[in-house]
Amino acid sequence: MSLSKQLQPQTAILEIARRLLSASSIRVSGHDGSNTLVDITQEGPDAGTGLSPASDANRDNEHPFSLTRTDNGYEFDLALDDELRLSATLPPNQNERELRELAHYLAVCARTIFRNQPQQTRRPDLPDRGLCAAHIEHMIESGAAEIRKTSFAVMKIDLDHLSTLNLQHGWETSNFIIDEAIGRIQDVLPRQAFLSYAGGGNFLVVSPPGLSLVTSRTLIATIRQALAVSIKVDDTEIQASFSIGWALYPDDGASTAALLQAVDAAMAEVRQHGGAHERRASLTSIAALVGTSGLERDLMQAIDRNELSLNWMPIIASGTQTVVALEALLRWERPGSGQVPPDMFIQCAENGGLIEKIDQWSLETACRTAVEWSHPLRVCVNISPTWLAKRHLSGMVEAILQQTGLAPERLQIELSEKRPFGPRDIAYQELSRLRALGVHVALDDFGAGYSSLERLANFPVDQIKFDRSFMQRLNDDRRVNEVMGQTIQMARRLGISCCAKGVETERQMAFLDSYGCEEVQGYLLGVPTEDYL
């Protein structure tokens with residue numbers, strides 16, 4: 001190999017290997033102009049500052065990978081390409097199967113780095129965004145067989161106001177700030193964390209596997225603290241600021257594409273609020289991003305392509321412990337993306353004017369299915385409150401009841417309090433017409449939306465369904481217990497039944513039963529299924 005070849009990409013490979021392998025020493029070697037094997041870059045007790053003869057005479061490119069057990073551990077030797085090899089001395093407490101998997105992964109990384117080297121001129125010693133995506137894919141695949149997925153965080157770190165820094169101080173100063181930031185991030189990252197440079201003032205960090213929500217926040221706080229110290233350039237102190245958008249696997253995305261999209265969405269939300277802080281991805285921020293990147297277009301075709309489906313959640317009567325109703329839960333299997341979170345695509349449908357078509361499909365499908373049930377259970381269907389202001393809800397429900405033959409008293413329309421109902425008088429009229437048909441009306445997500453008590457006092461409803469946030473704090477917060485208990489008793493005096501969502505423990509069940517909450521649903525009692533009856 002000609003030593004005129006840039007050395008920095010080899011440094012990137014060494015950095016990746018150092019993070020993944022618990023090596024006591026590690027080096028990248030190649031042949032110089034006289035075909036002598038030399039160490040190009042190395043880390044460990046024997047690391048030098050220049051090129052030196054490589055010590056392992058057994059390395060040759062006819063054997064892509066070898067793993068040799070020694071008295072002190074393992075000798076790891078891998079061909080990175082036709083000319084370069086990576087060697088490492090590893091301790092004995094290693095898993096041979098995992099080491100062989102890592103060898104394949106490191107070879108892929110090396111090929112990617114060399115292929116992208118001409119395009120990565122600013123910091124070719126660091127992996128780029130494409131290699132970061134490959135690393136995330138590797139982490140997901142490594143834990144694919146696990147029942148409980150090992151969590152990890154993906155973070156995007158941006159230098160704020162880069163254009164302004166360029167104008168005020170020049171490109172060289174901006175580059176110095178970027179390099180200083182990279183160094184500080186590297187200093188605080190734990191082993192097995194992955195740092196890549198995405199160009200400009202943008203960096204991507206993948207945490208080691210096993211970081212929880214709490215430990216991920218701790219790592220982010222440590223990075224922010226390291227970056228908060230002013231940077232001295234010549235005789236000038238520059239206080240640079242950084243924004244961080246991040247997401248947690250698998251909660252915020254179950255695939256590489258979904259995670260990177262979630263990180264971009266979180267960063268977009270940080271930018272909307274001025275930058276210089278951190279924000280985790282949320283359904284709202286992801287929906288705002290993907291709403292402009294094809295989600296709405298695909299959603300328009302979801303019904304015609306038979307991509308929508310219903311799952312059924314059992315609702316249990318507290319007194320008899322029997323199933324009295326099933327709630328229809330809308331699901332969308334988006335081609336190439338898998339299951340899309342309902343809150344995300346429903347918000348997108350509302351913003352894009354598609355919700356009426358989707359609601360009609362949900363209601364008609366649920367009613368046709370319920371007609372075939374062997375037991376005349378109540379069927380509960382979520383409908384967007386946007387129907388109310390248009391005065392279309394009662395007419396649509398009446399038409400579908402006639403088409404499907406479902407008895408009106410078996411249908412319950414559920415309207416989320418998290419959405420506005422429009423003008424009060426129009427909403428009142430539409431809800432009154434629904435009840436005149438014999439259909440039940442429920443306020444869903446009660447306590448988490450707009451003016452809960454005002455709606456309870458002024459709108460004709462048959463049931464309130466408590467938001468899951470109440471269940472999460474029940475028995476742990478005295479105020480929540482008091483609010484729940486008093487609201488259940490008030491609703492009973494108004495002739496309105498109560499249903500609690502998200503019931504997951506016997507203690508929650510006992511509390512609700514003691515206060516007379518008529519119906520409950522949650523994983524303690526049953527999970528959503530495609531075919532309940």
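Select strand β8 (residues 194-197) together with β9, and you will find that the two pair in the antiparallel sense over four bridges. As you look around, keep in mind that this is a predicted model.

Now select residues 202-206, which are strand β9 itself: four of its five residues are buried, so the strand is largely enclosed by the rest of the structure. Burial here stands for a relative accessible area under 20%.

**Across to the next strand**

Within it, Asp-158 has Asn-202 of β9 as its bridge partner, while Ile-157 stands opposite Phe-203 in β9.

**The whole sheet and its helices**

Which strands make up the sheet, and in what order do they lie? Five strands form an open sheet in the order β8-β9-β7-β12-β13, and the pairing is mixed. The edges are held by β8 and β13 (278-280), each of which has a single partner strand, so one side of each is left without a neighbour in the sheet. If you turn the view to look across the strands, you can follow how neighbouring ones are turned by 20 degrees against each other on average, direction ignored.

Next select helix α6 (residues 213-228), which packs on the sheet, touching β7, β12 (242-249) and β13, with a direction that makes about 165 degrees with that of β12. Then select helix α7 (residues 256-272), which also packs on the sheet and touches β7, β12 and β13, its direction making about 145 degrees with that of β12.

**A pair of packed helices**

Two packed helices are described by the angle between their axes and the distance between the axes. Select helix α11 (residues 355-371) and helix α13 (residues 393-404), which pack at an angle of about 35 degrees with their axes 10 Å apart; their crossing is right-handed. To see the contact itself, show the side chains of Gln-360, Leu-363, Glu-364, Cys-367, Arg-368 and Val-371 on α11, and those of Met-396, Val-397, Ile-400, Gln-403 and Thr-404 on α13. Sorted by class, this contact has six nonpolar, three polar and two charged residues.

**One residue inside, one further out**

Select Val-379, which is found in strand β17 (residues 378-382). Is Val-379 buried or exposed? Val-379 has a relative accessible area of 0% and is therefore buried. Setting aside residues up to four places away in sequence, Val-379 touches Trp-312, Leu-326, Ala-366, Ala-370, Trp-373, Leu-406, Arg-410, Leu-411 and Gln-412. Of these neighbours, Gln-412 is 33 residues from Val-379 in sequence, yet the two are 6.1 Å apart in space, C-alpha to C-alpha.

For another setting, select Thr-322, which is found in the loop between β14 (308-317) and β15 (323-334). Thr-322 has a relative accessible area of 40%, so this residue is partly exposed. Leaving aside neighbours within four places in sequence, Thr-322 is in contact with Ile-315, Ile-316 and Ala-317. The C-alpha atom of Thr-322 is separated by 9.8 Å from that of Glu-519, which is 197 residues away along the chain.

**A helix with two faces**

Select helix α18 (residues 506-515), and colour its buried residues Gln-508, Met-509, Phe-511 and Leu-512. These four cover an arc of only 160 degrees around the axis, which puts them on the same side of α18. The face turned away from that buried side carries the exposed residues Glu-506, Arg-507 and Ser-514. Among the elements that cover the buried residues of α18 are α16 (468-473), α17 (478-493), β21 (497-500) and β22 (519-520). After α18 comes Gly-516, whose phi is positive, near 85 degrees.

**Stepping back**

Finally, show the whole protein chain, which has 18 helices and 22 strands. Buried residues make up 49% of its 533 residues. Of the chain's contacts with a separation of 6 or more, 66% are accounted for by residues 24 or more positions apart.

Key
Residues are numbered from 1 along each chain as its sequence is written. This is a predicted model: local features need pLDDT of at least 70, side-chain atom pairs count only at pLDDT 80 or more; totals for chains, interfaces and linings use all residues. Side-chain values use heavy atoms; hydrogens and water are left out. Buried means under 20% relative accessible area, exposed over 50%, partly exposed in between (1.4 Å probe, protein chains only). Two strands pair if DSSP finds at least two bridges between them. The arc is that of the directions from the helix axis to the C-beta atoms. Contact means heavy atoms within 4.5 Å. Axes are lines fitted to C-alpha atoms, for helices over the stretch in contact, and angles run from 0 to 180 degrees between N-to-C directions. A crossing is left-handed if the near helix is turned anticlockwise from the far one by less than a right angle, and right-handed if clockwise. Ala, Val, Leu, Ile, Met, Phe, Trp, Tyr, Cys and Pro count as nonpolar, Asp, Glu, Lys and Arg as charged, and the others, Gly among them, as polar.
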